[in-house]
Amino acid sequence: MGKKITTLRDLIGAIKDKASQSKAAFISKPSSFSLHLAVLRATTHAPSSPPDDHHISSLLTLGDSSRATASSLIVIIMDRLHRTGDSTVALKCLLIIHQIIKRGPFILQDQLSIFPSTGGRNYLKLSAFRDGATASRFTISAWIRFYSRYIESLLYTSRILGYFLSSSASCNTDEKISTFLNSDLIRDVDSLVQLIEETVKLPDSLLLDGNKLLYEVIGLLSSDYLSTVNELLIRLSEFKERLSCLSFGDSVELSFILKRLEGCKERLSVLFSVKKPSTELLWCSVSELSLKIDDLKVDFSKRKLITFEKSSESARFNNRVIKFGDSVQFSSGRYEMTNLPMIVEGRN
């Protein structure tokens, strides 16, 4: 019975795909029809597998032309995402956006980064997405809400860094990092930790058994996580070199960010159970840097106390000098003038 329902649903999905292609042929301009068709082919209703790599590659190639074409392609993808109520189509649209971030041409990534022109957060507009066709689709809807928030955070972090995280175009080096201001480094680390905080919100009901779409999502999240770890390691290593130059405010802010990161450790170990040398090194670096910052804050407190004591002692000394001066002051200038000749005569 379940198989027949699934087959019927697949048939309905195939009919919808054909209808969408026919509609695109009817209403699209000749210049944009190929873009519409590429998006529709990559985001079919078939729930059995993620978008075919051939279709994604074709889509990315189409976007690697003029700025106007790249902009139109992003608008078409977003329009497909916002109009659908089908969890499979929505998930495939999000996967395509993620693939653009990861391996898309620069011009397509650039158009994605500035969409929409009004800016802001939550522009994927999926916070209320629900597909109630079946119980499993209703549960997968939670994944779509999570995944859209995650991609929004990924785009936000990429804007802060100045390049797309996990992209083949990202090539930051230690030399570049060394030229950053402390405030810039703190801002980078904070945005990377925000992305990790979003990652650990992955729904508990994994539903991974046999669901290739969700396996694809997990694979991309895992790749992003390792990239995030590498970006953090570079910046935390730079902070170790700058500890003596950190202000008290910077040290407190960095300490707070590191505590937030440590709060994600347990959940991350569950989501990504395979241990990597880079992740082990990250947690060692976080612990080491946290301890050094704590020592630095203690040193700041001691220096502040010493400065306060010196200021207090100086103030008491000044008070004593002032009181002594007050005791030898003449009560009247006239006394000085009238007695001055007598003093002179006495000396003669």
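Predicted model: local features only at pLDDT ≥ 70, side-chain atom pairs only at ≥ 80, totals over all residues.
How many disulfides does a search of the whole structure find? I took a disulfide to be a pair of cysteine sulfur atoms within 2.5 Å, and the search of the whole structure came back with zero.

Residues are numbered from 1 along each chain as its sequence is written, and side-chain values use heavy atoms, with hydrogens and water left out.

Next I checked confidence, given as pLDDT, the predictor's confidence in each residue from 0 to 100. The protein chain averages 81, and 71% of the residues score at least 70. Confidence is highest in helix α9 (residues 182-199), with a mean of 97, and lowest in helix α14 (residues 333-347), with a mean of 43. I also found pLDDT under 50 over residues 1-5, where the model has zero contacts beyond four places in sequence, and under 50 again over residues 327-348, where it has two such contacts. A contact here means heavy atoms within 4.5 Å.

For the overall make-up, I found 14 helices and zero strands in the protein chain; these are DSSP runs, H or I of at least four residues for helices and E of at least two for strands, numbered from the N terminus. Of the 348 residues, 41% count as buried. Among contacts between residues at least 6 apart in sequence, 80% join residues at least 24 apart.

I then followed helix α7 (residues 135-161), whose 27 residues reach 40 Å from the first C-alpha to the last, close to the 39 Å expected at 1.5 Å a residue; the expected span is 1.5 Å times one less than the number of residues. Just after α7, Gly-162 takes a positive phi of about 95 degrees.

Is His-98 buried or exposed? I located His-98 in helix α5 (residues 87-103), and His-98 counts as buried because its relative accessibility is 0%. Leaving aside neighbours within four places in sequence, His-98 is in contact with Tyr-147, Tyr-150, Ile-151, Leu-154, Leu-220, Leu-221 and Asp-224.

Technical notes
Buried < 20%, exposed > 50% of the residue type's maximum accessible area, 1.4 Å probe, protein only.
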